[in-house]
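These are my notebook entries on a single model.

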Amino acid sequence: MTEEIEVSAVITTHNRLDLIEGAIESALVQEGVTVEVIVVDDASTDGTAEYLWQRQDITAIIIPKDESSGANHARNLGIDAARGQYVAFLDDDDLWMPSKTRLQLEELQRRPECKVVGCLRQFFNDEDTVLHVIPFSTSTLMIERSLLLSVGCFDEALTRWQEYELEMRLFQQCPVACVDKPLVRYRVSSTDPSRLSLNLDEWVKSVTIIEEKHREMIEAAPR
């Protein structure tokens, strides 16, 4: 009998061969939770695809260059392939603590009205100094898969703020839980040229899309 999968970990990557192994291993060593690891490679050219194909302990989805449509398209492919009741996301430059999924599932058991749970995410610079801690970023989220599908998953028109826009839709559907512990680590590097989040124009474009898409909700919200 096949063991029931509790959580599907969806990891997206692009030209991060030096980081992807750490992200994968952090998802595989989750304590007391049956996790399937799905890695979606978005048209990498640095040997990432070849590395992923060699691994027998993950599901690899390789997007060729002529089919690449951005990170949110890659995340949605991972959701489609997921077999777990819950889907949790992990960016390739993040690491999960071993207790992350267990503590989140326990929180959802304590609060059965919730179908979404986050946790805290620590930021580190090159000297391992904690910069700040925030909840509800992409790598902290665990969401019931049926709810994800019902709200339409990630908006593929966005290149930034995708988790916050998704949360705007999710949070209208049910209460939200959060484990008040830093269970995700994110290493900040000022020398990494692939840090897309440094592109201010793309941030502005995404915020504009979100404002137009949810104008009625935003205008109705209390200041």
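**Entry 1. Helix H6**

I began with H6, whose buried residues pack against helix H3 (71–81), strand S6 (116–124), S8, H5 and helix H7 (200–213). Contact here means heavy atoms within 4.5 Å. Helices (H or I, at least four residues) and strands (E, at least two) are DSSP runs, numbered from the N terminus. I note that the model is predicted: local features need pLDDT of at least 70 and side-chain atom pairs count only at pLDDT 80 or more, while totals for chains, interfaces and linings use all residues. Residues are numbered from 1 along each chain as its sequence is written, and side-chain values use heavy atoms, with hydrogens and water left out.

I then looked up the cover of H6 and found seven of its nine residues buried. They are Gln162, Glu163, Glu165, Leu166, Glu167, Arg169 and Leu170. Buried means under 20% relative accessible area, exposed over 50%, and partly exposed in between (1.4 Å probe, protein chains only).

**Entry 2. Strand S4**

I turned to S4, where six of six residues are buried. Tyr86, Ala88 and Leu90 point one way from the strand, and Val87, Phe89 and Asp91 point the other way. In a regular strand the side chains alternate between the two faces of the sheet.

Which strands pair with S4? Strand S1 (residues 7–13) pairs with S4 in the parallel sense over six bridges, and Leu90 of S4 is the bridge partner of Ile11. S4 and strand S8 (residues 142–144) run antiparallel and are joined by three bridges; there, Ile143 of S8 is the bridge partner of Val87. Two strands pair if DSSP finds at least two bridges between them.

**Entry 3. Aromatic rings**

I found four aromatic pairs in the structure. The ring centres of Phe89 and Phe154 are 5.0 Å apart and the planes stand at 85°, so this pair is edge-to-face. Phe89 belongs to strand S4 (residues 86–91) and Phe154 to the loop between helix H5 (145–151) and helix H6 (162–170), so the pair ties together parts that are 65 residues apart in sequence. Phe89 and Phe154 are both buried.

The rings of Trp161 and Tyr164 have centres 4.9 Å apart and planes at 50°, so I recorded that pair as tilted. Trp161 is partly exposed at 31% relative accessible area, and Tyr164 is partly exposed at 27%. The rule is that rings of Phe, Tyr and Trp (its six-membered ring) pair if their centres lie within 6.5 Å; planes under 30 degrees apart count as stacked, over 60 as edge-to-face and the rest as tilted.

I also looked for charges over rings. The charged end of Lys100 sits over the ring of Trp96, 4.3 Å from its centre, and Arg185 lies over the face of Phe124, at 4.1 Å from the ring centre. The criterion is NZ of Lys or CZ of Arg within 6 Å of the ring centre and within 35 degrees of the ring normal.

**Entry 4. Cysteines and positive phi**

How many disulfides does the structure hold? I found zero in the whole structure, a disulfide being a pair of cysteine sulfur atoms within 2.5 Å. For Cys153, the nearest cysteine sulfur is that of Cys174, 15 Å away. For Cys174, the nearest cysteine sulfur is that of Cys114, 6.5 Å away. Cys153 is buried at 8% relative accessible area, and Cys174 counts as buried at 11%.

Cys153, in the loop between H5 and H6, has a positive phi near 60°. Phe136 also has a positive phi, of about 60°; Phe136 lies in the loop between strand S7 (130–135) and S8 and counts as buried at 17%. Most residues other than glycine have a negative phi.

**Entry 5. Salt bridges**

I counted 17 salt bridges, each a side-chain nitrogen of Lys or Arg within 4 Å of a carboxyl oxygen of Asp or Glu. Asp92 and Arg16 form one of them (2.9 Å, N to O), and this pair links parts of the chain 76 residues apart. Asp92 and Arg16 are both buried.

In helix H4 (residues 100–110), Arg110 and Glu107 lie three residues apart, about one turn of the helix; their closest N and O atoms are 2.7 Å apart. Arg110 is exposed at 56% relative accessible area, whereas Glu107 is buried at 14%.
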